[in-house]
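My notes on what I looked up follow below it.

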Amino acid sequence: MEYNIITAPDLETLATKVADFFPMGWKLKGSILEHNNGFAQQLERRPSDALRMQRTKQRPSKQKRTKWIE
């Protein structure tokens, strides 16, 4: 299990920084913490999640054909 802590001076900046980690397979762990220098959020991911995200990026996604029934 990998852990990462993101810190920022305000909540808007924290949300922006945390959102950058979601496409890499990171997930939120716990709640937002307030400290002297601003706010912090802990993230976690499993090594298997990171490998799965890399595989999906390499493989082009297939478009599903849909047939509408009228």
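This is a predicted model: local features need pLDDT of at least 70, side-chain atom pairs count only at pLDDT 80 or more; totals for chains, interfaces and linings use all residues.

**Surface and ground rules**

Residues are numbered from 1 along each chain as its sequence is written, and side-chain values use heavy atoms, with hydrogens and water left out.

I looked up how much is buried (under 20% relative accessible area; exposed is over 50%, partly exposed in between, with a 1.4 Å probe and protein chains only). Buried residues make up 23% of the 70 residues in the chain.

**Layout**

I found 2 helices and 3 strands, in the pattern β-α-β-β-α along the sequence. Both kinds are DSSP runs numbered from the N terminus: helices are H or I with at least four residues, strands are E with at least two.

The 3 strands make an open sheet with antiparallel pairing, in the order S1-S3-S2. Strands pair if DSSP finds at least two bridges between them. S1 and strand S2 (27-35) are the edge strands, each pairing on one side only. From one strand to the next the twist averages 20°.

Next I checked S1 against S3: they pair in the antiparallel sense over 7 bridges. Helix H1 (residues 11-19) packs on the sheet and touches S1, S2 and S3. The direction of H1 makes about 150° with that of S1; axes are lines fitted to C-alpha atoms, for helices over the stretch in contact, and angles run from 0 to 180 degrees between N-to-C directions.

**Two buried strand residues**

Is Ala8 buried or exposed? I got a relative accessible area of 4%, so Ala8 is buried. Ala8 sits in strand S1 (residues 2-8) and stands opposite Phe39 in S3. Contact means heavy atoms within 4.5 Å. Leaving aside neighbours within four places in sequence, Ala8 is in contact with Thr13, Leu14, Lys17, Asn37, Gly38 and Phe39. I also noted that Ala8 and Asn37 are 29 residues apart in sequence but 7.7 Å apart in space, C-alpha to C-alpha.

Then I moved to Gln41 in strand S3. Gln41 is buried too, at 5% relative accessible area. With neighbours within four places left out, the contacts of Gln41 include Asn4, Ile5, Leu14, Val18 and Leu28.

**Side-chain pairs**

How many salt bridges does the structure hold? I count 1, a salt bridge being a side-chain nitrogen of Lys or Arg within 4 Å of a carboxyl oxygen of Asp or Glu. Glu2 forms a salt bridge with Arg45, with the closest N and O atoms 2.9 Å apart. Glu2 lies in strand S1 and Arg45 in strand S3 (residues 38-45), so the pair ties together parts 43 residues apart in sequence. Glu2 is partly exposed at 32%, whereas Arg45 is buried at 16%.

For aromatic rings I used this rule: rings of Phe, Tyr and Trp (its six-membered ring) pair if their centres lie within 6.5 Å, with planes under 30 degrees apart stacked, over 60 edge-to-face and the rest tilted. That gives 1 aromatic pair. The rings of Phe21 and Trp26 have centres 6.2 Å apart and planes at 85°, so the pair is edge-to-face. Both Phe21 and Trp26 are buried.
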